[in-house]
Amino acid sequence: FHVYAADWTEDRVAFYVDDRVVGVSRQPPRYPMQVMLGIYEFADGPEPPSPPESYPKELVVDWFRVWRRRG
């Protein structure tokens, strides 16, 4: 399992994987957002798409947590 996080403030959104910053956006959205978990497979990636018999795929989530900063 990995730990993914987004630290969203008025000035930026920092994205983390396993407690390491992997990206920062200096233009965070200023409207309510939602979190969507999913598996994506793109035909133009380095590997060919999976054959139809390999579906359905599985996404295992150990836990999920969201909190709001005070203030």
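Accessible areas here come from the Shrake-Rupley method with a 1.4 Å probe, and for residues only the protein chains shown count as cover.

**Whole chain**

Start with everything selected. This is a predicted model: local features need pLDDT of at least 70, side-chain atom pairs count only at pLDDT 80 or more, and totals for chains, interfaces and linings use all residues. Numbering starts from 1 along each chain as its sequence is written, and side-chain values use heavy atoms, with hydrogens and water left out.

Show the surface. The accessible surface of the protein is about 7,200 Å². Carbon and sulfur atoms hold 54% of that area. Next, colour by burial. Buried means under 20% relative accessible area, exposed means over 50%, and partly exposed lies in between (1.4 Å probe, protein chains only). Of the 71 residues, 6% count as buried.

Now the contacts, meaning heavy atoms within 4.5 Å. Take those in the protein with a separation of 6 or more: residues 24 or more positions apart account for 16% of them.

**The sheet**

Switch to cartoon. Helices (H or I, at least four residues) and strands (E, at least two) are DSSP runs, numbered from the N terminus. How many helices and strands does the protein have? There are zero helices and three strands. Along the sequence the pattern reads β-β-β.

Select residues 4-8, strand E1, together with residues 13-17, strand E2. Strands count as paired if DSSP finds at least two bridges between them. E1 and E2 run antiparallel and are joined by five bridges. Pick Ala-5: its bridge partner in E2 is Tyr-16. Pick Tyr-4: Val-17 in E2 stands opposite. The hairpin from E1 to E2 passes through four residues.

Phe-15 stands opposite Gly-23 in E3. Two residues lie between E2 and E3 in their hairpin. Stop at Asp-18 in this turn, where phi is positive, at about 55 degrees.

Zoom out to the three strands. They form an open sheet in the order E1-E2-E3, with antiparallel pairing. Why is one side of E1 and of E3 left without a neighbour in the sheet? Both stand at the edges, each with a single partner strand, so one side of each has no neighbour there. Neighbouring strands of this sheet are turned by 20 degrees against each other on average, direction ignored. For such angles, axes are lines fitted to C-alpha atoms (for helices, over the stretch in contact), and angles run from 0 to 180 degrees between N-to-C directions.

**Val-24**

Select Val-24 in strand E3. Its relative accessibility is 43%, so Val-24 counts as partly exposed. Leave aside neighbours within four places in sequence, and Val-24 is in contact with Arg-12, Val-13 and Ala-14. For a distance check, take the C-alpha atoms of Val-24 and Trp-8: they are separated by 9.8 Å, with the two residues 16 apart along the chain.

Move to Asp-11, in the loop between E1 and E2. Is Asp-11 buried or exposed? Asp-11 is exposed, because its relative accessible area is 59%. Not counting residues up to four places away in sequence, Asp-11 touches Ser-25, Arg-26 and Pro-28. The C-alpha atoms of Asp-11 and Gln-27 are separated by 6.9 Å, and these residues are 16 apart along the chain.

Next, show the side chains of Arg-12 and Asp-7. They meet in a salt bridge (3.5 Å, N to O). The term means a side-chain nitrogen of Lys or Arg within 4 Å of a carboxyl oxygen of Asp or Glu. The structure holds one salt bridge. Arg-12 counts as partly exposed, because its relative accessibility is 22%.

Finish on Val-61, in the segment after E3. At 42% relative accessibility, Val-61 is partly exposed.
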